[in-house]
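Please open the structure in your viewer and keep a selection panel at hand; the tour below moves from one selection to the next.

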Amino acid sequence: MTAPGVTSLRQNRNVNIVVGVTGGIAAYKSVHLVRLLTKAGHDVTVVPTEDALRFVGLPTWEAISRHPVTTSVHDDVAKVRHVAIGQAAELVIVAPATANTIASMTAGLASDLLGTTLLATLAPVVIAPAMHTEMWRHPATQANIATLRARGVHVVGPDEGELAGGDTGPGRMSEPEEIVAAALAVAALQDLAGLRVAISAGGTREPIDPVRFLGNRSSGRQGVALAAEAAARGAEVVLVAAHIDPAVRAAATHPSIRVLDVGTAAELSTAMKDAAATADVVIMAAAVADYRPAVASDHKLTKEEGVLTRIDLVENEDVVAALAVTRADGHAPDGQTIVAFAAETLRDAEQRRERARRKRERKGVDLLAVNLADAEHGFERAENAVEVIGVDGAVVATSSGTKRQVAGAIWNSVLAAR
Ligand SMILES: Cc1cc2nc3c(=O)[nH]c(=O)nc-3n(C[C@H](O)[C@H](O)[C@H](O)COP(=O)(O)O)c2cc1C
């Protein structure tokens, strides 16, 4: 559900691409990969590792890319080459990606030009692993791959088939055509590049006393997925995180995502107002408590005191409505888009929509994503199902699946609304 025209438009332009080549037999296949890219008109800089040159020599890479090639950070120092290549890249492909290079990337090592390029770039990174099945299946490699995926690295393959030593199994590098298609699709989806985005996620906790709070069951998964999707598509993201489990927030590990931790609704409000002041898109995915205890005790309340049988509540600020007022007053970037979320337990779809329409109007936001919070969907679940209501009350998008898939559909609606 990409915004109409966006993908085809971007795929037709020439992309500045870095191809990292590392020391595996499949390096010979990357000669074809580079040729596919240059023939399609893309500008390719090849950055091999020292070991890669044992498989395919430097003159070959220079001839097919028509650019000078080096492995070292010490060449051409005047042009600060070790960061310049990464900064200028719009897409980085590492093919083949050896077990060694995958481990180096995970650790963030900068021991050669490819390492510094990968650390300096904000461009999407696509890797095509190639190695023996045992190396691929090793828990160390699998853990490294999981970490890289969580950071937003796209992994193509490996395929199953005959390997260099004659044995068969998963580990064979995907075919160059497949890698190129996947990588260009990733580059095409940089449709949020240049957008500054503020997203709230998680659930606030309102203290009753130092050990108790009023909270909710929001895990923060949907907000984290929105942040990860936005960063992967090129946006600069501030993620205001309320009590998100480290395992969940790991998915928001990306150089373009800045995480601000908050606890209460008041803290979340302050952080979001700050972030929204310079944001092109604001998404309130956090479950913010409507009420807080009128008094938070400074000591743990005891049964003997008898006060826990009754807690007086006062209303919290409606943060998203306040952000919409700030925008209406002209204190937000021009054309700011505001998206609110509503979790509904109403099973009747039309009733749910009607309530969502009223809520969108009341809050003064552009889009309202309404999700069904039941046993299979919504809070604490990996899956979600949403309908997005637009300014005229129409359902502008419907999406169900993983929260990342739903995040993709919501971003498409934001683009269409802008
Ligand atoms: C003939 C040969 C083939 C190799 N093929 C692979 C491979 O497909 N995948 C891999 O991870 N390592 C492979 N290796 C091991 C790597 O070359 C070695 O780990 C090297 O340190 C990788 O360095 P690099 O990641 O900096 O390029 C191979 C080694 C040799 C001698």
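Begin by selecting Pro96, whose place is in strand 3 (residues 91–97); helices (H or I, at least four residues) and strands (E, at least two) are DSSP runs here, numbered from the N terminus. Ala95 and Pro96 are joined by a cis peptide bond, with omega about -5°. Before going further, note that this is a predicted model, in which local features need pLDDT of at least 70 and side-chain atom pairs count only at pLDDT 80 or more, while totals for chains, interfaces and linings use all residues. Residues are numbered from 1 along each chain as its sequence is written, and side-chain values use heavy atoms, with hydrogens and water left out.

Two further backbone features deserve a stop. Select Gly157 and Pro158, which are joined by a cis peptide bond with omega about 5°; Pro158 is found in the loop between strand 5 (154–155) and strand 6 (159–162).

Now turn to the ligand and show the 14 residues around it, of which Gly23, Thr49, Thr98, Ala99 and Thr101 come nearest; a residue counts as near if one of its heavy atoms lies within 4 Å. Helix 5 (residues 99–107) gives the largest share of this shell, 3 residues. By class, the shell holds 6 nonpolar, 7 polar and 1 charged residues, where Ala, Val, Leu, Ile, Met, Phe, Trp, Tyr, Cys and Pro count as nonpolar, Asp, Glu, Lys and Arg as charged, and the others, Gly among them, as polar.

A polar backbone atom of Ala130 lies 2.8 Å from a nitrogen atom of the ligand. Taken alone the ligand exposes 640 Å², and the protein buries 63% of that, with accessible areas taken from the Shrake-Rupley method with a 1.4 Å probe.

Next, colour the protein by its domain assignment, which gives domain 1 (6–188) and domain 2 (196–417); the bounds come from an automatic or database domain assignment. The C-alpha centres of domain 1 and domain 2 lie 37 Å apart.

For the largest pocket, select Ala286, Ala287, Val288, Asp290 and Phe341, which lie nearest its centre among the 36 lining residues. A pocket is an open set of points, on a 1 Å grid over the protein atoms alone, where a 1.4 Å probe fits, with protein on both sides within 12 Å along at least five of seven lines, and lining residues have an atom within 4 Å of a point. The volume of the largest pocket is about 850 Å³, a volume being the space filled by probe spheres set on the points, which are joined across faces, edges and corners. Strand 16 gives the largest share of this lining, 4 residues.

Finally, go to the second largest pocket, with a volume of about 670 Å³. Of its 35 lining residues, Met105, Gly115, Leu118, Leu119 and Leu148 are the closest to its centre, and helix 5, helix 6 (113–120) and helix 10 each give two or more residues to the lining. Why does this pocket lie between domain 1 and domain 2? Both domains give residues to the lining of the second largest pocket, so it lies between them.

Key
Polar contact = N/O pair within 3.5 Å; in protein donor to acceptor, adjacent residues only side chain to side chain.
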